[in-house]
Amino acid sequence: LPLLAVFCAAGLAHAEIKVGVIASSTGPTAVVGIPQKNTVALLPTEIAGQKIEYIVLDDASDPTNAVTGVKKLLTEHKVDALIGPTTTPAALAMLDFVAESKTPLLTTVGSAAIVQPMDEKKRWVFKTTQNDDLIADAVIAHMLANGVKTVGFVGFNDPYGENWFKVFSTLADKAGISLVANERYNRTDQSVTGQVLKLISARPDAVFIAATGGPAVLPQAGLLDKGYKGKVYQTHGVATNDFIRLGGKAVEGTLMAGGPMLVADDLPAGNPIKAVALGYIKAYEAKYGAGSTSTFGANTWDAGLLLQKAVPAALKKAKPGTPEFRSALRESLEGAKEVVGAQGVFNMTAQNHNGMDQRARVMMTVKGGKWLPLKD
């Protein structure tokens, strides 16, 4: 009997930490989701002597599938933490189940609506992408510095586009920039000619596109095709080399504020993010080939870095697979300070579950088929 008791105690001590991952590795948002899924294979399989198991599910870019997946991860696999999903609509659809099960979610979506304003549900969610206002602030500053007085807006007809419109229009208004057009389209649309013609007829100095992945190319290509000569800005939803590959000449000159990883080679030597970003790029390209990295994968990498910091403290309080461990993990994540990631530096608080500052954004442009930081 004593031997059996010892064996059981040892078994408990070595219970694996289970991390569930939901990514859109198929469907219209696959260009964002594939690097997120691929990055999971690079995350640590052991933290503080504890083995980590990752269970990865594809939601096929569909919020309903994301909900089905998260239920499976919570009930069948009894995961200790979650990473993902790829889209804002999917994250919002999952929120109730994450909060009800009291399981920390490290989300990789764009919209700040998943962590703001803080409430009982959102206290279980932490976000590894830059909040929209941090990005919008840099875009507006660039517009002001370059004489942009009128802007046409076109975005997804879903929570991503809506939240961006809310954030961007508020900041533009404060800056004295007039929004002269407001158009929407669906992620699955094959044509946006009507919206493009309305934008051009409003004659804005610049157009701001609030979309992600491949579908973000559509309005920009349409504007070029119809002879639009003004500046075109995108959100960090296009912070990937795939955007350039898909858009080709149509996206040359695109302006964007995005994560520093995309221009890691060009970051100053003293920037703490540079070494982490280059380390991630090296690991990713060793496995998946040169030029294959994207900032979307880096958001998953940073989720892994935050877990590496949070898990040791949580293990001192409880064992994996228990509600107590999940709660300790949430508390530990909330206390994360100056955690340097590939996309920024994280300082979480009870009210701020993103914790990124101006170090998490760089104003850049597409030049000669490459993202380059702007020097001005």
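Predicted model: local features only at pLDDT ≥ 70, side-chain atom pairs only at ≥ 80, totals over all residues.
**Notes on cavities, pockets and ring contacts**

1. Starting with the inside: the lining of the largest cavity divides into 5 nonpolar, 16 polar and 1 charged residues. Residues are numbered from 1 along each chain as its sequence is written, and side-chain values use heavy atoms, with hydrogens and water left out.

2. That largest cavity has a volume of about 170 Å³, and 22 residues line it, with Thr108, Val109, Gly110, Gly237 and Phe296 nearest its centre. A cavity here is a set of points on a 1 Å grid over the protein atoms alone where a 1.4 Å probe fits but cannot get out, and lining residues have an atom within 4 Å of a point. Points are joined across faces, edges and corners, and the volume is the space filled by probe spheres set on them. The count comes to 3 cavities of 30 Å³ or more. Helices α2 and α11 each supply at least two residues of the lining of the largest cavity, and α11 has the largest share, 3 residues. Helices (H or I, at least four residues) and strands (E, at least two) are DSSP runs, numbered from the N terminus.

3. Helix α2 deserves a look of its own. Spanning residues 30–40, α2 is mostly covered, with 9 of its 11 residues buried; buried means under 20% relative accessible area, with exposed over 50% and partly exposed in between (1.4 Å probe, protein chains only). Among the buried ones are Val31, Val32, Gly33 and Pro35. What do the buried residues of α2 pack against? They pack against β1 (17–23), β3 (50–58), α9 (241–247), α10 (272–288) and α11 (295–315), contact being heavy atoms within 4.5 Å.

4. Now the open sites. The largest pocket has a volume of about 290 Å³. Of its 15 lining residues, Asn241, Leu262, Val263, Asp265 and Lys370 are the closest to its centre. A pocket is an open set of grid points with protein on both sides within 12 Å along at least five of seven lines. Helix α10 gives the largest share of this lining, 3 residues, and both α10 and β15 (370–373) supply at least two. By class, the lining of the largest pocket has 7 nonpolar, 4 polar and 4 charged residues.

5. The second largest pocket holds about 180 Å³ of space. Of the 13 residues lining it, Gln220, Gly230, Val232, Glu252 and Gly253 are the closest to its centre. Two or more lining residues come from each of α8 (217–225) and β10 (231–234), and α8 gives the most, with 3. The lining of the second largest pocket has 6 nonpolar, 4 polar and 3 charged residues.

6. Worth a click: Gln220, found in helix α8. Is Gln220 buried or exposed? Gln220 has a relative accessible area of 3%, so it counts as buried. Leaving aside neighbours within four places in sequence, Gln220 is in contact with Ile209, Val232, Gln234, Phe243, Ala250, Val251 and Thr254.

7. Val148 sits in the loop between α5 (132–145) and β7 (150–156). Not counting residues up to four places away in sequence, Val148 touches Met143, Ile177, Asp205, Ala206, Lys231 and Tyr233.

8. On the rings: the whole structure has 11 aromatic pairs. Rings of Phe, Tyr and Trp (its six-membered ring) pair if their centres lie within 6.5 Å, with planes under 30 degrees apart stacked, over 60 edge-to-face and the rest tilted. Tyr280 and Trp301 have ring centres 5.1 Å apart and planes at 40°, so the pair is tilted. This pair links distant parts of the chain, with Tyr280 in helix α10 and Trp301 in helix α11, 21 residues apart. Tyr280 is buried at 0% relative accessibility, and Trp301 is buried at 16% relative accessible area.

9. Two last items. Phe153, Trp164, Phe165, Phe168 and Phe208 form one aromatic cluster. The charged end of Arg330 sits over the ring of Trp124, 5.6 Å from its centre; the rule asks for NZ of Lys or CZ of Arg within 6 Å of the ring centre and within 35 degrees of the ring normal.

Note on methods. Nonpolar A, V, L, I, M, F, W, Y, C, P; charged D, E, K, R; others polar.
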